[in-house]
Structures are given as structure tokens and as C-alpha cells.
Amino acid sequence: MLTATKPPEKSTNYLTDGYGLKSWLLTSDHKRIAILYLISITFFFFIGGIFAAMIRLELATPDGGLLESDVYNKMFTMHGIVMIFFFLIPSIPATLGNFLIPPMIGAKDLAFPKINLLSWYIYVVGGIFTLYVLITGGVDTGWTFYTPFSTSYSNTKVMAAAVGIFIAGFSSILTGLNFIVTIHRMRAPGLSWFRLPLFVWANYATAMIQILGTPVVAVTILLVAMERGLHIGIFDPALGGDPVLFQHLFWFYSHPAVYIMILPSMGVISEIISTFSRRKPFGYTFIAFSSVAIAVFGFLVWGHHLFVSSQSVYAGMVFSVLSYIVAIPSAIKVFNWTATLYKGSVTLSTPMLYAIGFIGLFTIGGLTGLFLASLGMDVHLTDTYFVVAHFHYVMVGGAIMGYLSGLHFWWPKMTGKMYPVLWSKVAAVMVFLGFNLTFFPQFILGYLGMPRRYHVYPPEFQVYNVLSSAGATVLGLGYLIPFIYLMWSLKYGKDAGPNPWGATGLEWQIPSPPPTANFDVTPVVTVEAYEYHAQEVVEVG
Amino acid sequence: MDSHGTTVLRHHFENEEQQKEASSLGMWVFLLTEIMFFGGMFMAYLAYRQLYPDSFAAASSKLDVTLGAMNTVVLICSSLTMAMAVHSAALGKQKMIVFYLVATLFLGSVFLGIKTKEYHDKFVHHEVPGADFHPEDWPKNVDMSHASLYFGLYFGLTGLHASHMIIGAGMLLFLIVKAHRGAYTAEWHTPVEMFGLYWHFVDIVWIFLFPLLYLIDPHFGK
Amino acid sequence: MDWKYLPIFPESASNFAPHVDALYAYLVAVSAFFSIAIAVVIVAFAYKYQRKSDSEIPVPLNEHGAGSMLLEITWSVIPLLLSLVMFGWGAIIFFNESKPPADAMEIWVTGKQWMWKIQHLEGTREINELHIPVNRNIRLTLTSEDVIHDFFVPAFRTKTDVVPGRYTTEWFRPTKVGQYHLFCAEYCGTKHSGMVGTVYVMNAADYEAWLTGGGAGTAPMADKGAALFQELGCVTCHQADGKGRSPKLAGLYGSRVELKGGAVVTADASYIRESILNPLAKIVNGYEPIMPTFQGLATEDQIQQLIEYVKSIGTKSNVAASPGAEKAGPEQRIPLPGNAPAKGVPAKTPGAQQ
Amino acid sequence: MASHTDHSTHIVPVSTYIFVFLALIVGTVVTWQVALIDLGRFNVIVALTIAVSKATLVILFFMHVKYSPRLTKLVVISGVFWLIILLSVTETDLLTRTWMGVPGR
């Protein structure tokens, strides 16, 4: 149990404000719900990680002796489903977002606390379905559930997996709904939109996508279930159905979903780059509006997943040019982050290391996306390991690096404890190196033409696959170390004051860990965002 | 929400104004998700009606348009009674809230009754996609293989709509009990208003479903 | 560079490969430039402006904190221009890949759960292997019997999904003799990794030898189609002289057909396939919708043979002989040019006689 | 904070409700009768215009959007706009599939 061991002579905070399972499982405090989410998504992260390890072990040898082909198919499917729907999508909004948005905007809690708890329970129910699928045989359709394989030819647990994802989708919708209403209606007096921290902007844009995109995948899964159950022929060509229509409906959500995964990380990085160069982010309004622009344009580009799927050439051209337009806001962000360092006072503490790692890897991830947006190039590269490398660079190099960066930045605020600095920096470098060793060879494999989801491959690809598998072990270890020292810090970590990094933002003006009601009296904001002033407290780490 | 009618300001809001606007915005954002939820299925309907206009027209002519029209009128009346319920809540007329809510519930049940009758007819005439799907007296020169697409979408769309009606009816029961106990006053009747938004949304979905499903080509093959 | 165990590039063996490789080089150059530039600038700034003391507060750059419209515009417009070059270049390649030349040699490919079935016009059939002559435009018409597959030959840089229920088209001109990998690039179930094959690009003489040697004894597709035309009873309605209750098929392929309801469509392979499997979908103007569906009576391969037969009775002049006796034997094929690089030499296809 | 409506809920006169109600009933009857006349392609357009106008009436008057803050109007408009994105951008593929004249392109 996460109870502070210190005799509570200090003022009670949200951790010590009530003990026992009931106080946690029936809480409506956004901070406790964030901790509940933190525990559950870490659990799913390690399950997804086990599948990743199995995949990399299998691919170390060209003839794929470790796993049978259908077991391998289930491994990469479960890796996809668990990592995307149960780790990446909730990771930052549900943990850091839930914890920090109310204090950042000077509110006592989110607009609908009970719906927030309901969102966690829906997530858990969805998770239980997925664990049921996992235990009773898994599903082998790939996380994309392409029809007619998923509706007529796969005889694995497709229905149960579909129900699991359908339910988990509503958890994401409710979080998005809570954020939109809170950010619109519950900002402290004087806190105009352009005084908001960029983390709040990013989560607002993410909430827009969660609200507008998730229902469409929910109804698509409903149609898959209807097709599998009643065989109405909606995606079955024999009865006149169009499998490409499924791909349109699926990717209408699933492309904006990748922006759900990356936008919150961008918000975290804007905060950390600004704090550790002690300067207002360069082009604040441009970064803020580029988040919203990504959310809006993100809904117009999904067709670049269908270039070779018998989608018409003209639609391909429309989607290709729109995909380039949606890449521009991401480029603007990267340039603005880099410019924020100019003439700043930069310290390379752990969150900053992860943030700089994020910028490097996200830039490569974003640029390789430009390869896939070009029609002629995509014909050769789609469905190969180039695509696998691209989205891992954006999701693991980007979203997870951003998540770890945020976790290390706000851990003192959430738990009141500091983690060991040396170990955290070692882990950050290890994650960076392990990641590159794992996924950079996959770009070359992709151009060589190694297709995705293969567990048997021609021998000339083996060298790169062995490199990648080696990198995976380094990356896996790199992720274990933070887990260990963060747990360690709960008990033995030094006490972190209210503002160990000298950061701006309302959440740093309340004690850590914060009291249940965040603010005794709602603050009135009179200064612009990111106003740094001399720090009397000795800066830690 | 204690029952003797005074407003309860939830601890994390500054004032009732903020709480009220938050609930209203929250409801509208929820209706946004509902628009996209139904929108996905409308997309499937649009795609297949475009691909197989004849099969859709033939299959749609199997539907009983009068029942459909009656259902539309019933739902529009229920929208009126719901609006009147919100209206009387705003004026603090306790008795009238209960009356209009009961009227709305009654009309909602009439709608569901007509719907069950329609579904029953379909089962009898083997028009339900699945095991024994073979609609009778099918016009010879129209390919029947795509009819299961139409009926699949028909059951999908109207089934989704009916399930929203059933959930709505459940919430209506809850509201009626609370209104009967006098929980809603002129100062505070947010639940009635929010439910009103939901109910009108479900009515709007049917306003689109009626022409799109029932009136594709009413005199096809007659 | 072709190291046996550390290859960087796949072989460049088709007319598209050099263009795709050039686009790849451009994309890699732009990406490398921006990645390295950003990395260098960050490291330089991080080093040059490292925090000296805890109380150090950098002076704001200009009045409203930090930002300059000029800089923002430059690093929006320049990436946009670079991107639009990527778009344009990619779109041109994609457009060329979508328009097969008229003189391309036709091959039918059918994807089936975990194998590739290939049919040549001359009747030869192959499983998981494709023998094609070098420097000859090849046009593949692909379909699937069950789930979505994807015909991917990395050496040709081409890939097309193989979708059940419709034909998709792919064309290339192999430029280098050799054997190349064929992969299935769309996840299709248990043996997805096993659905691989080899493409043998041979020079013209070897290809001829292989065609007549290996494939000897099997009648050309058009003949099998003709036999099927009888067997399935198509000839009872589709009579050669058009007096039957159904449209005359001679000269149908590629012509414009006016449908009941006024729409006009070209009678390509998809039209014929749809008319066989789902005849009531498109009714030719002036005819009654009485044709029964042949769904399940004709397999994918047989439909392809019927289409070849309909193509073989292409122009009016050769319809004199009754459809059954049509002999599109090998002697009618135009001898292939030698192995001189036939840059777009218009070789006559067997179907279109003078 | 964006609180600018003086009174929490705007009281809409009952006469407006009755008028809107009648308009909706008339709309339904008109849709039904017009569908019986064969206008070819225009049937769909007429049916949809009537349905859209009925929906707008319900949104503006029954759902009080006419009297709601600007933010609520924005939410309604963005909902319709995103639905149109889904329908129209998917149609760019479905409508142009035969333009190239090459199967599957």
C-alpha cells in the first residue's frame, strides 16, 4: 500500500487522507485515481513488454524455432493490443493528466470526479476482458483486426478481445470529456487560455481527439462483432461487403489515436525543456496552437494506411498531401523546443535527459513518417519493418520517453520523495542506447523488404534482427531500473520540497504530496506563464 | 442531492453557475461522442446504399412505412413533452414535471412497442440476417445477396437507437421518482435539463433514420 | 552494395526501382540533415548555456518572453516546401505504377490462404513461383480467394494488396535477370510467414524454352475458357451472332457498355467478373435481368479463364469460327524481341490480332 | 471564467414549443408524402433537407442552443463538422474508384 511511513506530524496529504482499500477503490480524488491508473498501466506495460521480449527472441533466428507460427501471431497481436489500448493511450492523460491538470489550473478537482473513477473502473473491466482473452488462448488477428480475416477466418478469441477494446474505449472517452469540461470551466480567476501551461494545452488537444475519434472505432468494433455473429456481410466480399471500408472506419480513429499517444508527451516535453532551461518556451502560442492543429488535421490523413489497399489513386493523392500538412505542426514544435534552449540556463537533470532523448528520437520518428506519406515510397515500405521502426520511434522513442520524463519530473510532487539521481541518469542513457540499437536496424530491414508480422525470414536479414534483439534486452533492462528505484524512493527517498526543480506553474506552489483539496483558497493568477525568478532553495539533482 | 430541494454545490466548484455550465458542457461533449458513434454506422449505410441502390430500395420496400411514420410522430410528441418537463422544472411547477416526465416515458414505451412489433414481423418473414435469412416474395430481378447488408444495417441502426431509448426510459423512471419527491426546483433542476438534451438527441437520430431507412423508394416494385 | 550478410539495399531489378531508390536517397538526405542539425544545435546550446548558478535567471529574449514571427514562418514554410517535393515525386511514381502500358504481358495471380497461384495466358500454371521474361512489361491482375494478401517483390519495389471480391492490378518491367523474393505483405493468418515464393526473371530465350518445355500439354487459358463457356451453358444465351436473349460477347472486352438506367461503363475484367458472379448488379440496356448467378459454380481460376476467352474473341473479325473451335495456339503469339533491352518496345499482345 | 448568461436557464415561451412541434409534425408528413412522388435523385436531397431542418429546429429550440453560451454552439457545430469529415473524406475514395479505369486503382 502506498502509505507514507513518516509519522504524520506533517499536514495530511492525499496519501494519508484515509487508509484502507475502500478509501482507494471508492475515492473521487483525482490524485488517487491517477495513482490507481499509474499502477494498472504499469502492470499492463510489463505484460506487453513480455510479449515484446518473446517476439524479439523468436526473431533472433531466421527459421523461428522458438514459437509456432500461430503462437507468434498471438504474441504480436497481444503485444499490440495491450501496449496501445492499455498502456500508451491512457499513459499520460490518465496518470499525469489526471493528477496535474486540476492543480495546474488552480482547481480543487476535475469537473466530474465520480465519472473519473467510473473511467478507471471501465478501464479495469476492459483490462479483465483482455486478460481473459490472454489466458484462454489469445487472438491472432493483429491489433488492426483487418477483415475478412478477423470476421470470417480467424477462430481465436476475436469477440472477447473486441468487447475488451470496446469497453476500454469508453474509459478514454470519459477521461477526454472530463478534461475538456475542466479546462473550459474550472480555470482559476486570471488564468486565461494563454497563461495555461503547455501541458494543459496538449491534454486539451488530446481530449478533443479522444472525444471525436474513439466512438468511431467503438462502432467499427460493433460492426465486426455483428459481422462475426450474424454474418450480415458488411465486411465479407461474398455478400457484397467491402473490406476496405473497414480499413477506412478503423483508421479514421486509429491514426488520430497515435496523436492521442504523442500529444501529451509533447506537453510534458514543453514543460521540462522550459523548466530546465529556465526560460519561457520559445513561440508559446505556436506550440499551443500546433497541438490543436495536430488534433484537427489528424482526422484528415488516415488514408496513408491504405495506399496499396485498392484505395483509389486520387484518394491516395489527397491523403498524401494532407499527411504532409499535418507533419508541419510537429516540426514547428521541435524547432521551438530547440530554440527554447537558446541563451537559457540549462541543467541536464534526469527529466531533461529524457526530454532531449525524446526530441532526438521523435524527430527521427517524425521524419521517417514523411517517407511513408510519400505515395511512391510507401508502396515499397508499407507493411515492412520500416513501418514497425517508424511507429516504435514515435511511440517508444517519443511517447514512452515523454512519459518517463514526466514521471521523473513530477514524481517528487506526486510522492514527496526524490529518486536517486545517478541511477536515474544511467537508466535514461541505457534506455536511449537500447532503444536505438533495437529499432534503427529495423529501418534497414524495412527497406530491404522484410515484411511485418513474419516469424520466419530469409537468412540475409538475420544480422539486423540479432542486433535488434540484442537492443531489446538492453531496452528491457533500461525500463526495469526506473521501476526499481522509484519503488525504492517511496520508502527511502529524500524528502522533496514543494518545488525541487524551481519550476513555474501552480502545481509547484502547493506542498508535495499535495493535500486532498489542492488549494485552501483558489489562487488568483496575475502573472504570465513561465515567469522564472531567483530560487532560494538549493536545486536538487 | 438531498431531497428537500435546496441546491447542493459540489465541493470542487466555485458557485452554482460554474457547476451548471460544467454539467451542460459535459452533456454536450457526451452528445458529440454519440454523434460520432452513430456517424460511423451512417458511414457504412451511405457506402452500401451507394454500391447497391436496387437491393437497398427493394429491401426497404419490405418495411412498413406507416409504422415508421407513426413512430416518428410518437417521438416528436415525446420531444415536446420532454421540453415541457424542462420548462415546468424551470418554473418550479413540481406536479407538472412529474406529469410531463410520465408522458414522455409513456410515449417512449409506445415507440418501443411499435419497434418490437416491427422486429417481430421481420423475424416472422425471415428478414433477420443470420441463419435462415431468405426474405419472401423478393422481386426476381434484384439480387438478394445484398439484402442481408440492408437488414444488417437496419437492425444495427434501429437496434442502437432502441438501446438508447431503453437506457433513456430507465433514466426517466429515476427522474420521475426523484421529481415526485420534489428534488427539482426552479433553482436546481440540472438532471432534468441534461436528460432533456439526451432525449432530444435520440429523437434527432430517429428523424434521420426514418427517411434514410424507410423512404428509400417506397413504391419500388409495387 | 551487395554484401552477402549485411546488405543495405535490395537488388534493383525493375523499371521502378531506380526512381524509388532516388526518392529514398532524397528522403534520407533531408531526414539526416534535420536530425543531425537538431541534435548538434541542442548539444551546443545545452553545453554553451549550461546553468552556472542556481540563482541564474536568463534575461528574456524580447518583450513578450520569447518568440519571433519571422523564425516561425521560415521553419514552417521550408519544411512545407521540402515536403511538397516529397509528395510530388512520390505521387508521380505512384501514378506511373498505376497505369499499366497497353502492350503489357498479362498474368493472372490468385492469392489463397498461404500460397500464390499464378496462371499464364499460355495456360502454364505455377504455385509460389513466377517465371517472367526480362525487359518486358508485365501486368498482373490479382485477386484473392479468402482474406486480404499482398503481392510484394522487394527487388521490384512494388506491392499491391490482393483483395477478395475484386481485381487489383500491378505492373512492372523486370530489368535484371535473376531470382528475387516474393513475400505476402498483408497479415493473412497462421502461415503468413510461409506464403513466400520466388520470381525468376529470365532472358527471352530461356523464358520461351521454359514456357513451351515446362508448360507443354496444357491448353492456353482462352481455350480452357472456351470449353468452360460450353460446359457452364453460357453459349445457350450468349450466342455468337447475338440472336440469343443475352448480349453478344464478341468484341465486348474493353468496349463501352450502356447499362439500363443510362450509366456507361467499360467492360474490363472487373465488369466481366461481376457479371458472372453477380449478374443482376449491372444490366445491359435492352436486355432482361434473367441471368442466374454463377457464384460457387466457377472458381477464381475458371473465371479468369472465361475472361481470357471473352478477350480472345475480342475483335469482330475473328468471330467467324464458332467460339468452341477457337484455337489461340502458340503460333499466333508474336515472337519476342531478342534480349536487347526493349525500352518500351510495343510488342503485340496475343489477344489483339490485326 | 466564462460565465456570462445572467439567468441560468432561459425560459422559452410555450408557444414557441407548440410552433416547433407543429413544424416537426408537418415536416414528417411532408417527408412521407414527397417520398411517394418519384423525383429520381432529388428524393434523397429533399428528404435530407427536411430532416436537417427538423433537426435544427429541435437543436435550437427544444435543446435551448439558441439561448446557450457560444461554447455550446461551437460544440454542436464541431460535432456536425467532424461527421461531415468522416463522410466526405471517405467518399473521396469510394467515389473515385473507377476513375482510373484500371481495376483496383
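**Helix packing, a chain contact and a sheet**

Modeller: The crossing of H1(B) and H3(D) is right-handed, meaning that the near helix is turned clockwise from the far one by less than a right angle. Helices (H or I, at least four residues) and strands (E, at least two) are DSSP runs, numbered from the N terminus. This is a predicted model in which local features need pLDDT of at least 70 and side-chain atom pairs count only at pLDDT 80 or more, whereas totals for chains, interfaces and linings use all residues. Residues are numbered from 1 along each chain as its sequence is written, with chains lettered from A and ligands numbered from 1 in the order in which they are written.

Biologist: At what angle do H1 of chain B and H3 of chain D pack?

Modeller: The angle is about 20°, and the axes are 9 Å apart. Axes are lines fitted to C-alpha atoms, for helices over the stretch in contact, and angles run from 0 to 180 degrees between N-to-C directions. H1(B) and H3(D) are therefore roughly parallel to each other (angles under 35 degrees).

Biologist: Which residues make that contact?

Modeller: Among them are B:Trp28, B:Leu32 and B:Gly39 of H1(B), and D:Val75, D:Trp82 and D:Leu86 of H3(D). Contact requires C-beta atoms, placed from the backbone, within 7 Å. The residues divide into 16 nonpolar, 6 polar and no charged. Here Ala, Val, Leu, Ile, Met, Phe, Trp, Tyr, Cys and Pro count as nonpolar, Asp, Glu, Lys and Arg as charged, and the others, Gly among them, as polar.

Biologist: And H7 and H8 of chain A, parallel or antiparallel?

Modeller: Their axes come within 8 Å and cross at roughly 165°, so H7(A) and H8(A) are roughly antiparallel (over 145 degrees). This crossing is left-handed (anticlockwise, by less than a right angle).

Biologist: New topic: how many residues do chains A and C bring to their contact?

Modeller: Chain A brings 82 residues and chain C brings 79. H10(A) gives the most to the side of chain A that touches chain C, with 14 residues. That side has 46 nonpolar, 26 polar and 10 charged residues.

Biologist: What is the strand order in the sheet of chain C?

Modeller: The open sheet of 5 strands runs E4-E10-E9-E6-E7, with mixed pairing (at least two DSSP bridges between two strands). E4 and E7 of chain C stand at the edges with a single partner strand each, so one side of each is left without a neighbour in the sheet.

Biologist: In what sense do E6 and E9 pair?

Modeller: They pair in the antiparallel sense over 2 bridges. The bridge partner of C:Phe152 in E9(C) is C:Phe183.

Terms used:
Angles under 35 degrees count as roughly parallel, over 145 as roughly antiparallel, 65 to 115 as roughly perpendicular and the rest as oblique. Two residues are in contact if their C-beta atoms, placed from the backbone, lie within 7 Å.
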